[in-house]
Amino acid sequence: MEYEVVVGLETHAELATVTKLFCGCSTKFGIEPNTQVCPVCLGMPGVLPVMNKKAFDYALKAAIALNCKIDEFTNFDRKSYYYPDLPKNYQISQNYYNLGADGYMDIHVNGLVSRIRIHNVHLEEEAGKLIHPEEVGADYSLVDFNRAGVPLLEIVSYPDMRNVDEVESYMQTLKKILLYTEVSDCKMQEGSLRFEASISLRKKGSEKLGNRVEIKNLNSMKSVLRALEYETKRQTDSLGRGETIDRETRLWDEVNEKSARMRSKEEAQDYRYFPEPDLLPVLVDRKWIAEIKETIPELPLAKKQRFMEVFKLSDYDTSLLVEEKVLADLFEDCIKILDRPKVFCNWIANDLLREVNEKKLDIHQLPVRPKQLAALVEMIEKGTISSTIAKEVFSEMILTGNDPQVIVEEKKLTQINDEGFIGAVIAKIISSNPSAIEDYKKGKKNALVFLVGQVMKETKGKANPKMVNELLQKKID
Amino acid sequence: MKIKKKDIEYVANLSRIELSEIEKETFVHQLNDILSYIEKLNRLNTETVKPMSCAIDVTNIFREDIVEPSISLEDTQLNAPAIKGVFFKVPKVIE
């Protein structure tokens, strides 16, 4: 029997505000536990939440960027459950009137565009963090409430994904949109962006959905994909043996790469949602939506298509450029100074990214300015420096932010175009490498490459390579 | 709607409350009384009335995203039944 995989994702993203959703406590990460708390986020009796305007704006921005319908009326609800990381025993969330609904996001998979529908986008408060002591036999857990009350955006997709490639593209595209709109820093290692997957299998061609299994504890995109592969196999095997799939929640075990039953959905949680009486409704008018729309930049997929069309760049190159908004911006700013799309694309997509990876640089803190990169390209075109030297200059520019002209001047890297000087070096190399000359005359063309290399080495890479090649050939032919 | 004993047990479990058999009986009666009183509202035609989620006619109250001082760790832990260092200490969470 052939089965079709059906996947939906729930995404949680911490919003990039400096204070919590309902109080003025800082949201800074990595601070001493329980020092960024107050009576409001600790859930003390009698306190009242007041909504953070920026958090609401960010949530609205994300909902609009995900093509959601925004109802004029939105409200918050209490979701009741008992867990030690939840100080009030309820979470302020949205259930009856979500901020955004019925949206969609287009994703690229193997050159094709798929549209994944978004069920809803809503705003809620983050829970605290539980720490499980490592000591053997410890009969307690520890709680840090610094995270409690941080604004959290939840994005719920429809079960529209049919394979892991689509799931991967969905996660990457969504992350890029959240980064482009600057509503979240999306740092997965800090828990700012988290995914939960629901997966079911159905007979190919069937419309009816199978029982859905939710997978939690997915710490990275990689674990989402591994868990889905594991779960697809587990369910396929199970169905193959004639068993049925229970509707349940499973926990992904990162170390052993297995999922295990967490709780049966039979005893499904009853959250007893009801309107939060401590908060007032929010009315979102057309003017407000229009203002937020103004702040949404061109999104990655649209940018990629434009780069391909306008600058005639490849699918691969453009996907590297739009990976980070700062790179796409740098590229466009360079083009404005000097119209060499392919050249700048290569510098950014190859050299810059290589340097960033090798030296573990923060892409958002690079000191190099568009003007400087354009100046470097001009210096190569004018023959002031060779392209080999340019790479050396570039790797210094990216660290120090110094002008290429200054680096070339200081390190005396200007290209040598003096025929007399190069000729003298060539004469020296010829006389000290008689065997290479022999080889060349016997027809070994490689010997010429070797000799050019020797001349370049002698001049510390500064001789004009084209000139060296021509002069050398003239001399020994 | 008629509240039965199993409904009382269900909500008591959700709220982590232990009830004696006598208490369960008492609550079955009391909750049914309350619900039948409220049921009087069903006599009204509410077809054109929008659900109300707030008793006052005020909307869009916000604060700006500006950091305010948090409270001291000492004050934070003042009412805690159990602490360990900077943390709150709770019974082991299994899952």
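The model is predicted, with local features requiring pLDDT of at least 70 and side-chain atom pairs counting only at pLDDT 80 or more, whereas totals for chains, interfaces and linings use all residues. Residues are numbered from 1 along each chain as its sequence is written, chains are lettered from A in the order in which they are written, and side-chain values use heavy atoms, with hydrogens and water left out.

Between chain B and chain A, 20 residue pairs are in polar contact, both residues being at pLDDT 80 or more; a polar contact is a pair of N or O atoms within 3.5 Å, where within protein one must be able to donate a hydrogen and the other to accept it, and residues adjacent in sequence count only if both atoms are side-chain atoms. On the side of chain B that touches chain A, at least two residues each come from helix 1 (5-14), strand 1 (62-63), helix 3 (73-77) and strand 3 (87-91) of chain B. Helices (H or I, at least four residues) and strands (E, at least two) are DSSP runs, numbered from the N terminus. Strand 3 of chain B gives the most to this side, with five residues. In contact terms (heavy atoms within 4.5 Å), 34 residues of chain B meet 54 residues of chain A. About 3800 Å² is buried between the two chains, 62% of it on carbon and sulfur atoms; buried area is the accessible area (1.4 Å probe) that two parts lose on being put together, summed over both.

Strand pairing (at least two DSSP bridges between two strands) also links the chains. Strand 2 (residues 51-52) of chain A pairs with strand 1 of chain B in the parallel sense over two bridges, and A:Asn52 has B:Arg63 as its bridge partner. An open sheet of four strands, with antiparallel pairing, has the order 8(A)-9(A)-3(B)-2(B). Strand 8 (129-131) of chain A and strand 2 (83-84) of chain B stand at the edges, each with a single partner strand, so one side of each lacks a neighbour in the sheet.

Most residues other than glycine have a negative phi. Phi is positive, near 60°, at A:Asn67, in the loop between helix 1 (53-65) and strand 3 (73-74) of chain A. A:Asn67 counts as partly exposed at 33% relative accessibility (buried is under 20%, exposed over 50%, partly exposed in between; 1.4 Å probe, protein chains only).
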